[in-house]
Amino acid sequence: MKRVTPREAFDRFKPESCVFVISVEPNGRPSGMIAGWNMKCSYEPPLFAVALSRSGYTHRLIRQSKEFVVAVPNKGLQSAVECFGATHGNEVDKFKETALATLPAKHIRSPLIRDATLNFECTLEREVEAGDHWLFIGRILAAYWNEGKKVLLNMKKVDGKRVFEEF
Ligand SMILES: Cc1cc2nc3c(=O)[nH]c(=O)nc-3n(C[C@H](O)[C@H](O)[C@H](O)COP(=O)(O)O)c2cc1C
């Protein structure tokens with residue numbers, strides 16, 4: 001077995017699911033990003049965790065609003081995944097740019113993504129400093145399923161470009 005750096009090992013730990021993490025600015029404008037570092041972490045209470053880089057914008061919104069939506073994409077949302085995962089919400093209005101259809105959430109101000117396979121409405125339960133990322137643990141207040149839709153996975157990179165497939 002070959003010894004590699006932790007980063008090289010992380011890069012080879014694929015396929016990886018990826019989710020939209022959506023929150024809101026104080027004026028109600030939604031923004032968000034993609035997080036491959038995501039996990040369910042408790043049934044009771046229902047909790048979901050995402051690791052967000054210190055260099056991004058979305059973590060600032062979550063810290064302020066104390067809420068976020070986690071939305072699980074499918075192949076139909078791949079171009080939005082590419083935009084949300086490569087641009088910054090303080091520079092680009094990603095919802096406008098992608099014309100991504102939303103639905104109002106029941107308990108929070110962050111919108112759901114209408115055509116996502118799953119949506120989770122979360123309030124911020126805890127924030128943990130984790131090296132160069134912040135771990136946000138959300139308490140799920142409501143979950144939604146679009147029956148029949150599949151889940152998009154980040155398979156690998158080819159020539160620096162991510163390859164996605166759905167299952
Ligand atoms: C498939 C994929 C997975 C990603 N996973 C993460 C992640 O887990 N954590 C993170 O901080 N950024 C991750 N990113 C990068 C962010 O989505 C990206 O930096 C985004 O532009 C941040 O947006 P923001 O500055 O508006 O918050 C991922 C991007 C892609 C395309």
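Modeller: Two strands pair if DSSP finds at least two bridges between them. Helices (H or I, at least four residues) and strands (E, at least two) are DSSP runs, numbered from the N terminus. This is a predicted model, in which local features need pLDDT of at least 70 and side-chain atom pairs count only at pLDDT 80 or more, while totals for chains, interfaces and linings use all residues. Residues are numbered from 1 along each chain as its sequence is written.

Colleague: In β10, which residue is the bridge partner of Val-128?

Modeller: β9 and β10, the latter covering residues 133–145, pair in the antiparallel sense over twelve bridges. Within this pairing, the β10 partner of Val-128 is Leu-135.

Colleague: Which are the edge strands of the open sheet?

Modeller: Seven strands form an open sheet with antiparallel pairing, in the order β3-β2-β6-β9-β10-β5-β4. An edge strand pairs on one side only, and here the edges are β3 and β4 (38–42).

Colleague: By what angle are neighbouring strands of this sheet turned against each other on average?

Modeller: Axes are lines fitted to C-alpha atoms, for helices over the stretch in contact, and angles run from 0 to 180 degrees between N-to-C directions. For the neighbouring strands of this sheet, direction is ignored, and the average is 35 degrees.

Colleague: Which residue in the hairpin of β2 and β3 takes a positive phi?

Modeller: β2 and β3 are antiparallel and share six bridges, with Val-19 opposite Ala-35 of β3. Five residues lie between the two strands, and the one with a positive phi, near 95 degrees, is Gly-28.

Colleague: How many residues of β3 are buried?

Modeller: A residue is buried if 20 or more other C-beta atoms lie within 10 Å of its own, exposed if 12 or fewer, and partly exposed in between, with C-beta atoms placed from the backbone. On one side of β3, Pro-30, Gly-32 and Ile-34 are buried, as are Ser-31, Met-33 and Ala-35 on the other. The strand is thus mostly covered, and the buried count is six of six.

Colleague: Which residues touch the most other members of the largest nonpolar core?

Modeller: A nonpolar core is a set of buried Ala, Val, Leu, Ile, Met, Phe, Trp, Tyr and Cys residues joined through C-beta atoms within 7 Å. The largest such core has 35 residues, and those touching the most other members are Phe-20, Val-21, Val-69, Val-70 and Ala-71. Elements that give two or more residues to this core include β2 (19–24), β3 (30–35), α2 (58–65) and β6 (67–72).

Colleague: Which element supplies the largest share of the shell around the ligand?

Modeller: A residue is near a molecule if its C-beta atom, placed from the backbone, lies within 6 Å of it. The ligand is surrounded by 20 residues, the closest being Trp-37, Ser-53, Gly-56, Gly-85 and Gly-89. β3 and β5 each supply at least two residues of the shell. The largest share, four residues, belongs to β3.

Colleague: Is Phe-13 buried or exposed?

Modeller: Phe-13 lies in the loop between α1 (6–12) and β1 (16–17). Although 142 residues separate Phe-13 from Met-155 in sequence, their C-alpha atoms are 9.4 Å apart. Because Phe-13 has 9 other C-beta atoms within 10 Å, this residue is exposed.

Colleague: What is the radius of gyration of the chain?

Modeller: The chain has four helices and twelve strands. The radius is taken over C-alpha atoms, and the globule rule is 2.2 Å times the number of residues to the power 0.38. For 167 residues this rule gives 15 Å, so the chain is as compact as a globular protein of that length, with a radius of gyration of 15 Å.
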